[in-house]
Amino acid sequence: MKDFIGTFFTCIVICSVFSFFFLDLILGNIWVLIIFSAFFLALLITIFLNQQYKIEDLQKKVEQLLNNKQD
């Protein structure tokens, strides 16, 4: 829980600083808002897909190890 709270407060500080410098630009132009949102969503999706691929690879390796151990 301590890790979450530390990460949460760090994110609040980073978002505050980012908002102070770039919020007017983002809210002033709808295209910048759309592009920023699309970038953020693409980043999240890419991270989750990469984690899924790594988990699948680990599952295959565990199955191979279990099959080798049973033989």
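Helix α1 gives the most to the nonpolar patch, contributing seven residues, in what is a predicted model. The patch lies on the surface and is formed by V13, V17, F18, F20, F21, F22, L25 and F36, which together have about 830 Å² of accessible area. One of these residues, F22, lies in helix α1, and F22 counts as partly exposed because its relative accessible area is 40%, a value that falls between the limits of under 20% for buried and over 50% for exposed.

Helix α1 covers residues 2–28 and helix α2 covers residues 30–70, and their axes come within 5 Å of each other, crossing at roughly 120°. On the α1 side, the contact is made by F18, L25, I26 and G28, and these meet I30, V32, L33 and F36 on the α2 side. Sorted by class, the residues in this contact are seven nonpolar and one polar, with no charged residues. F18, L25 and F36 take part in this contact, and F18, L25 and F36 also belong to the surface patch.

Between the two helices there is a loop, and N29 is found in this loop. With a relative accessible area of 34%, N29 is partly exposed. The C-alpha atom of N29 is separated by 47 Å from that of K60, a residue 31 positions apart from N29 along the chain.

Notes. Residues are numbered from 1 along each chain as its sequence is written. This is a predicted model: local features need pLDDT of at least 70, side-chain atom pairs count only at pLDDT 80 or more; totals for chains, interfaces and linings use all residues. Side-chain values use heavy atoms; hydrogens and water are left out. Axes are lines fitted to C-alpha atoms, for helices over the stretch in contact, and angles run from 0 to 180 degrees between N-to-C directions. Helices (H or I, at least four residues) and strands (E, at least two) are DSSP runs, numbered from the N terminus. Contact means heavy atoms within 4.5 Å. Ala, Val, Leu, Ile, Met, Phe, Trp, Tyr, Cys and Pro count as nonpolar, Asp, Glu, Lys and Arg as charged, and the others, Gly among them, as polar. Patches are made of residues with over 30% relative accessible area and no salt bridge: like charges are joined within 9 Å, nonpolar side chains (Val, Leu, Ile, Met, Phe, Trp, Tyr) within 5 Å. Accessible areas come from the Shrake-Rupley method with a 1.4 Å probe; for residues, only the protein chains shown count as cover. A salt bridge is a side-chain nitrogen of Lys or Arg within 4 Å of a carboxyl oxygen of Asp or Glu. Buried means under 20% relative accessible area, exposed over 50%, partly exposed in between (1.4 Å probe, protein chains only).
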